[in-house]
Amino acid sequence: MSCLRPYRHDDHDLLAARESPFDDFGPQAVNPDRSCRLDDDGGLVVAFDSDGPARGEVSWHWVQWGPTGGSRCPMIGIYLRPEARGRGLGVRAQRQLTDMFFRHTTTNRVEAHTDVENLAEQRALERVGFQREGLVRGAHWRAGAYRDGYLYAVLRSEWTVEQFEDPRADED
Ligand SMILES: CC(C)(COP(=O)(O)OP(=O)(O)OC[C@H]1O[C@@H](n2cnc3c(N)ncnc32)[C@H](O)[C@@H]1OP(=O)(O)O)[C@@H](O)C(=O)NCCC(=O)NCCS
């Protein structure tokens, strides 16, 4: 099982240490008052069950390609604690979040961006149903240097969540 839930104050210690080279963006504070409204920039905690400890978090911020609000779309991100990785949680959490955006907002696309070296996240996004759209050069500052990344997206017309059902979804 897995679930996305709002932040609690006791999530801070579990999420504050970013134990991944791909999440080394400098000091980040986990804000227990962070919005979980889909229309705001925000985030949700990833847990195996609704009362369980934080295993990670998903977050999003809105980006806009065209000049009007109609072309806004969320850019999603994820961080899982080391002990929660490699168990399918990254796929399930990003699938749940993407599904929430298509069900509860009018966005036409959901985007993600990851480092060219982050094979785990590239594979996870592809399993969710995202397509790689291109290379974004010098896109983010991580671990002391500008790094290239890949832009991924999935369109509303492509989103058939059943099509991507994960056979491992009930393993935990
Ligand atoms: C990236 C991350 C979200 C992936 O989630 P996860 O739960 O570990 O991944 P999953 O178990 O869902 O596996 C997804 C796929 O990636 C593959 N994978 C996992 N780790 C991998 C690795 N190190 N190298 C290559 N592929 C890997 C899995 O085999 C699986 O593919 P498969 O279904 O074809 O076997 C998670 O590892 C994480 O939070 N890492 C640290 C922070 C980070 O990198 N965040 C993303 C920043 S953009």
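Modeller: F101 has 0% relative accessibility, so F101 counts as buried. Buried means under 20% relative accessible area, exposed over 50%, and partly exposed in between, with a 1.4 Å probe and protein chains only. W60, at 3% relative accessibility, is buried too.

A word on the ground rules. This is a predicted model, where local features need pLDDT of at least 70 and side-chain atom pairs count only at pLDDT 80 or more, while totals for chains, interfaces and linings use all residues. Residues are numbered from 1 along each chain as its sequence is written, and side-chain values use heavy atoms, with hydrogens and water left out.

Searching the whole structure gives four aromatic pairs (rings of Phe, Tyr and Trp, the last by its six-membered ring, with centres within 6.5 Å; planes under 30 degrees apart count as stacked, over 60 as edge-to-face and the rest as tilted). In one of them, the ring centres of W60 and F101 are 5.5 Å apart and the planes meet at 80°, so the pair is edge-to-face. W60 sits in strand 3 (residues 56-64) and F101 in helix 2 (residues 89-104), so their pair ties together parts 41 residues apart in sequence. Helices (H or I, at least four residues) and strands (E, at least two) are DSSP runs numbered from the N terminus.

Next comes F102 with W159. Their ring centres are 5.7 Å apart and their planes lie at 40°, so this pair is tilted. F102 belongs to helix 2 and W159 to the segment after strand 7, so the pair ties together parts 57 residues apart in sequence. F102 and W159 are both buried.

There is also a cluster: ring pairs link W60, W62 and F101. R132 lies over the face of Y150, at 3.7 Å from the ring centre (the test asks for NZ of Lys or CZ of Arg within 6 Å of the ring centre and within 35 degrees of the ring normal).

Now the ligand. It is surrounded by 22 residues, and the closest are L80, G88, G90, R123 and R127; a residue is near if one of its heavy atoms lies within 4 Å. R123 places a polar side-chain atom 2.7 Å from a ligand oxygen. A polar backbone atom of G90 is 2.8 Å from a ligand oxygen. For R87, a backbone N or O atom lies 3.2 Å from one. Of the 930 Å² of accessible area that the ligand has on its own, the protein covers 74% (Shrake-Rupley method, 1.4 Å probe).

Helix 2 returns here. Strand 4 (72-80), helix 2, strand 5 (109-115) and helix 3 (119-128) are the elements that give two or more residues to the ligand shell. Helix 3 has the largest share, six residues. By class, the shell holds nine nonpolar, seven polar and six charged residues. Ala, Val, Leu, Ile, Met, Phe, Trp, Tyr, Cys and Pro count as nonpolar, Asp, Glu, Lys and Arg as charged, and the others, Gly among them, as polar.

Last, the whole chain. It has three helices and seven strands. Along the sequence they run β-α-β-β-β-α-β-α-β-β. Of the 172 residues in the chain, 45% are buried.

Technical notes
A polar contact is a pair of N or O atoms within 3.5 Å; within protein, one must be able to donate a hydrogen and the other to accept it, and residues adjacent in sequence count only if both atoms are side-chain atoms.
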